[in-house]
Structure formats: C-alpha cells, structure tokens
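Please open the model in the viewer and follow the selections below in order. Each stop names what to select and then describes what is found there.

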Amino acid sequence: MTTQDLIKGLNEDLAAELGTVIRYTYQAGKCFGLLGAELRDLLGKDAQDELGHAAFLTDVILDLGGEPTTTPKPFEKPTDLKAMIELNLAMEAQDVKNYLAHANLAEQLGLPELKLKLEDLAADEAGHARELRRLLKGL
Ligand SMILES: [Fe+2]
Ligand SMILES: [Fe+2]
C-alpha cells in the first residue's frame, strides 16, 4: 500500500461526494407536494454536509501531493420519493464502507489523524442513512 493508493481511494470518495451534492440538489428540486417536503428539507441540509466532505477531501488530496478530481460520480434519477430514498440509502451505505476502508489505509500509512477524520466522515454518512430510514418508515 502506498500514498498513491490512498490518493486514488480518496479521489473516488471525492467523486462520490461531488455526485451526492448534485444528486441531493437535483432530488430536492423534484420533491413535490406535502409528502416531499420533509425529504426536500433533509436533502438540502445533507447536501451542505456533502459539500463540506468534498472540500475536506480536496484539501487532503492536495496535501498528499495528488490532483483532486472535479468529475462527479454519475447517478440514477428515480422519480418517486421511495425510490429516491432507497437509492440514497444504498449510496450512503457504500460511502460508509469506502471511508472505513480508506481509514484503514491511512492508518497503515502512518496517518492516524487522517484515519480519525475518515472515520468521522463514515459516521456522518451513517447519520444521513439513519435520517433517510426514518423517512422511509413514514412512506
Ligand atoms: Fe459525504
Ligand atoms: Fe451522506
């Protein structure tokens, strides 16, 4: 495992975050009516978290000597609220897995403080998933 492997992994995380900012902003616009109101609020709030994650990863990748990606990961565009939430839950769960894997990689490379921060990001994504599951229960 090398620093280049970590940079590659963090750039995949960054592409996912950029995609999530766009996906949540797009979906918030598509949340119509009373049923969509709470999801719209949640997506607007979480998009700000994801933007913060993207900014953090950009700084870390540069600090490690890498070039941060500006290309978002592509995403599906379901139209009904339940399908939107299910898609987001699956992608948040994937983000948690990826952050924990990259936290391990950071630890192996002797970067314990980065390990902690990546675990913190994993916890943020798990929190997003928890909020989404609450909304899913009401549909
Ligand atoms: Fe995120
Ligand atoms: Fe998230």
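Begin by selecting Glu119 and Lys115, whose side chains form a salt bridge with an N to O distance of 2.9 Å. The model is a predicted one. These two residues are four apart in helix α4, so about one helical turn separates them. Glu119 is partly exposed at 28% relative accessibility, whereas Lys115, at 17%, counts as buried.

Next, select Glu86 and Lys82, another salt-bridged pair (3.1 Å, N to O). Both belong to helix α3 (residues 81–108) and lie four residues apart, about one turn of the helix. Glu86 is partly exposed at 37% relative accessibility, and Lys82 is partly exposed at 40%.

Now display Lys45, Asp46 and Glu131, which are linked in a network of salt bridges. Within it, the side chains of Lys45 and Asp46 meet at 3.5 Å, N to O. Lys45 is partly exposed at 42% relative accessibility, but Asp46 is buried at 0%.

Finish on the surface with Arg130, Arg133, Arg134 and Lys137, which gather in a patch of positive charge. Of these, Arg134 sits in helix α4 (residues 112–137) and is exposed, with 67% relative accessibility.

Definitions and conventions
Residues numbered from 1 in each chain as written. Chains lettered and ligands numbered in written order. Predicted model: local features only at pLDDT ≥ 70, side-chain atom pairs only at ≥ 80, totals over all residues. Heavy atoms only, no water. Patch = residues over 30% accessible without salt bridge, like charges linked within 9 Å, V, L, I, M, F, W, Y side chains within 5 Å. Areas by Shrake-Rupley, 256 points an atom, 1.4 Å probe, with all protein chains shown as cover. Salt bridge = Lys/Arg side-chain N within 4 Å of Asp/Glu carboxyl O. Lys, Arg positive; Asp, Glu negative; His and termini not counted. Charge placed at Lys NZ, Arg CZ, Asp CG, Glu CD. Buried < 20%, exposed > 50% of the residue type's maximum accessible area, 1.4 Å probe, protein only.
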